[in-house]
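Please keep the sequence and the model at hand while reading.

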Amino acid sequence: MQLVRMIRAAALALLISHSAAADDAPQLMLETGGHLGIVRSLAFTTSANRLVSAGDDKVIRVWDLATKRTEFVLRGQAGLGKEGSITALAISPDDRWLAAGGWFSADGALEPCCGDVRLYDLSQRKLVALFKGHTDALTSLAFSSDGRYLLSGSADKTAILWDLGPRTALKKFSSQKAAVTNVAFTGGGAAVVTAGADGSVRLWNTSDGAVKNEYRLGAAVTKLAISPRDEVIAAGLANGEIFRVDPGLEAGQSTLAKLEGPVRTLVFSKDGSTLLTTCDCLDTSVRAIDVKTGTSKSLFTGHDNVVTALALAPDGTRVASAGGEGHDVHIWALDGGQRDITLGGIGKAVWQVAFAKDGREVAWGTSDPCPELLSCPNKPAPLTFKLKLPAPERPLGEPEAVKQDEDQTFLRARTSYADTLLAARTSEASKRRDDTLEIREKGTVRAVIQRDATSGFIHSAFSFVAQGKQIVSGGTAGTLTLYDRDGRSIGSFVGHTDQILSLAATQDGDILASASLDQTVRLWNVATRKLIITLFQGSDATWIAWTPGGYYTGSPGADHVVGWQINRGAERAADYVGADQLGQHLHRPDIVERALVLGSAEKAIEEAEGTRVKLGELLGRSIPAFRITDPAQEANAPELAQVRIAIEENADPIKLVNVTVNGAQVARVTPPTGSGGLPPGDLSLDVPLYAGRNDVRVALVNDVGERSETIALNREGQGLLDERGTLYIVAIGVDKYPGLGKRCGQKGKSSCDLRFAGVDARALADTVERRLGPGHKSTVKRVLTNGGEPDNAPTAANILDAVDLFKKSKENDTLVLFVAGHGLNDRGSYRFLASDSEWTGKGLRTSTVVTWFALQEALELAKGRRILVVDTCHSGNSYNPRLGNAAYHANIIAYTATRFDQLSLEDESVGHGLFTFAFLEALDGEKSSASEGLSTKGMANYLTRRVSELARERGAAQDPQYFRGRDAEEYLLVGR
């Protein structure tokens, strides 16, 4: 899809009215690290180490150009539709102030509707003022060269000069006959330049507000630029012409160049010799125009679609350009067009969606089937990924590649049913492609469904559903509507925020899948028209699925891409709370799976335990608020650094302060018993360091959620954490289950006893002690298996006693927990089955099983480097869907024996489970080269290759999984 049509569709979509005022309920938003909508404005800071960008997705991103990542995000009041969209940015010359304007009130609001200007303090990252005076959307902003004044232009046909001292309006320039599209200062602020949709360019005296000169250019002025050398004005027009306007010459104006379409961007080079420009046309390059000769050449071609914003770095050597289908920002050298930096997120538009014929899988693709056309409803393109959907006998899968021979087996949109056909056409009245959908029965048009500005403009995707009894059609702005066979609207599916690109339904038509420019796939219950889940997959293999109520599952750490904006009123910055900060309440794979099985998120929540706290209630309360006050980044920090934090007042008191260094847990501060929580105020933390770089993460937790901040400290020379203290080993292997009877196997009629869990536990504990022990000052080991002393039998009580060893750990210790045996998923709670586990009339006796939380908490509370090795996947129901995410957030290194949908294999020929056998091989080093040093990542690589190889030799498949905490360091297990 050419972005030029996306831009125009987006502009038209702004006309769609919403009768309701702004919705102040928390709004779910994706946070992919980049923009999700058209970027309409870019600005470098004067220091050139940051770039600021904003646009249709309503957030302002401040990029750190050294790290090539978003440093922070600024937010303001935003609502449904276009409310909160940003069209203009400007940064003051001293980099202190950032001004932003756009559509800043509710859709459909009466005048004054949306012309506020937000002023942010960049150093404090705060919204500090709201300038009110315009009565329509903001189009352009500019600071004076001395930073004292701000100039704003608006669709209300005026420009306003603001004094930043008292923050008041000084003058209003109002003789334009149409919207002011651009504003600028000249003469060091002595004159103001405005351009209008009426084709005019006017120069005004700043002192008295009088018009000095006026130029008529024949078409709407879309862009304005002022030469830094001689203050010649360049004006780009809607008809593609670029005019040179020279107030010092009697002729005043002349045509400089002509583009293929409306001028989208216009920027002078620092010496004024070159104009950089782009257009709303099929030419997606940034063009350079010689100001003297008018000759033009393509300079930068790195975008895959129309460029929507340009900015020149203060030193004049680099250019930032935004655009393309991914809304990425490229920074490149002006002298040769060579790209240096790409700034963007991990999301992509989803162009295709389909179901497997049996409805057990949903698939999607990200290739545009018709980049040369405005729309091509239901035209197929390759499917790239698929997801196995859950059923009572199997868990939800993980995204995996669609094989080439599988693509044609999936069901896409159904446009015929019996003798009825669906066909899109272009109406003669509107001449807008695919704005009409015909329902043809036996060759005769039975009904016509017309789209216009109030209903999504076009039929971009459509399909029969509900066994052919109903029709669903999608359009722009997230419009998704259900109709009967006579074309009468039944209702809407509400959730998408951008154009619908593809639809598919299960064979019976009861479940609908939709794909959108908003980068998501959504599954709906057709009968109720309610959303079941939303699915997002990033380009870095991150994926997450969530219900409308906020319960989610996904890859470890994926919860950082979803969150909620909470509006605090027009004059205050909006808050944002990520799903990762509320994970203790909302990470519920069981609810997501059950919602898909039942076809209802509401019913899944009703059935689930532990859902008394509602999302709205959580977001109405506050996660911890604090800041790190000392130290700043240090060139050479002491081996025991003093980190000070300031805790803010909170109605939900702080229950924990947790500190990690490069993923190793070094400090935990809890409130005194009976105090209710840590008080607000200053808190000093002793933080031991490693040699070199130390990423110190401080996290505060209360009953609502968690907030963390990270600082980097550098230590020259050895640090306290470089010495390895005690090696703690707890190995648990359960072979005997006398209390379970014959309840295992594929038909649930076989013995639950295992052969090698105990052997695995003993061998792993001995090998870890032999290979890792010499690198530590001492070793503490406990092994629980069947057949030994009663005190070391793997009963529930003994297991809990054994993991209590970890409470003694110190900052430079290493902890290894190995668990082998049966596991069970019970209504979302994972349980490890101890040897004394037994069935009662209703299920397992609670006192004879070990909840996974108890094992997880033992590691989370421990200090030092923590390693978890899990081989509990001997049956399909033993998969622990929470383990990966828990390990990620707790900074634990975790190895598991299999994928979610595989069995963990045992083999008498090697005397072990294949996973543990490979683990022992890696540690001993004959095949893994561990004698030369084996890291945590090296272990993962060896297990992946070796276990897969061993399984293939036995005609099976087994793929171990490796989970690394978000800050956990890759360190040596064996070797120095």
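Arg-412 and Asp-407 form a salt bridge, with their closest N and O atoms 2.6 Å apart. Here a salt bridge is a side-chain nitrogen of Lys or Arg within 4 Å of a carboxyl oxygen of Asp or Glu. Arg-412 is partly exposed at 21% relative accessibility, and Asp-407 is buried at 9%. For these words, buried means under 20% relative accessible area, exposed over 50%, and partly exposed in between, with a 1.4 Å probe and protein chains only.

The model is predicted: local features need pLDDT of at least 70 and side-chain atom pairs count only at pLDDT 80 or more, while totals for chains, interfaces and linings use all residues. Residues are numbered from 1 along each chain as its sequence is written, and side-chain values use heavy atoms, leaving out hydrogens and water.

**Further salt bridges**

Side chains of opposite charge can pair when their charged atoms come close. Across the whole structure, the search finds 51 salt bridges.

| Pair | Closest N and O atoms | Accessibility of each residue |
|---|---|---|
| Arg-412 and Asp-407 | 2.6 Å | Arg-412 21%, Asp-407 9% |
| Asp-116 and Lys-132 | 3.1 Å | Asp-116 11%, Lys-132 51% |
| Lys-655 and Asp-703 | 3.2 Å | Lys-655 32%, Asp-703 39% |

Which strands does the salt bridge between Asp-116 and Lys-132 connect? Asp-116 lies in strand 8 (residues 115-121) and Lys-132 in strand 9 (residues 126-134), so this pair ties together parts 16 residues apart in sequence. Helices (H or I, at least four residues) and strands (E, at least two) are DSSP runs, numbered from the N terminus. Asp-116 counts as buried, whereas Lys-132 counts as exposed.

Lys-655 and Asp-703 also form a salt bridge. This pair links distant parts of the chain, 48 residues apart: Lys-655 is in the loop between strand 52 (640-647) and strand 53 (656-661), and Asp-703 is in the loop between strand 56 (692-701) and strand 57 (706-715). Lys-655 is partly exposed, and Asp-703 is partly exposed.

Elsewhere, salt bridges link Glu-441, Arg-446, Asp-484, Asp-486 and Arg-488 in a network.

**Strands**

Strands of a sheet pair through backbone hydrogen bonds, either parallel or antiparallel. Two strands are taken to pair if DSSP finds at least two bridges between them.

Strand 28 (residues 328-333) is joined to strand 29 by four bridges, and His-330 stands opposite Thr-342 in strand 29.

Strand 2 (residues 39-44) has six of its six residues buried, so it is largely enclosed by the rest of the structure. Five bridges pair strand 2 with strand 3 (residues 50-55) in the antiparallel sense, and Leu-42 has Ser-53 in strand 3 as its bridge partner. The two strands form a hairpin with five residues between them, and Ala-48 in the turn has a positive phi of about 65 degrees.

**Helix 10**

Ten of the eleven residues of helix 10 (residues 914-924) are buried, so this helix is largely enclosed by the rest of the structure. Among the buried residues are Phe-915, Phe-917, Phe-919 and Glu-921.
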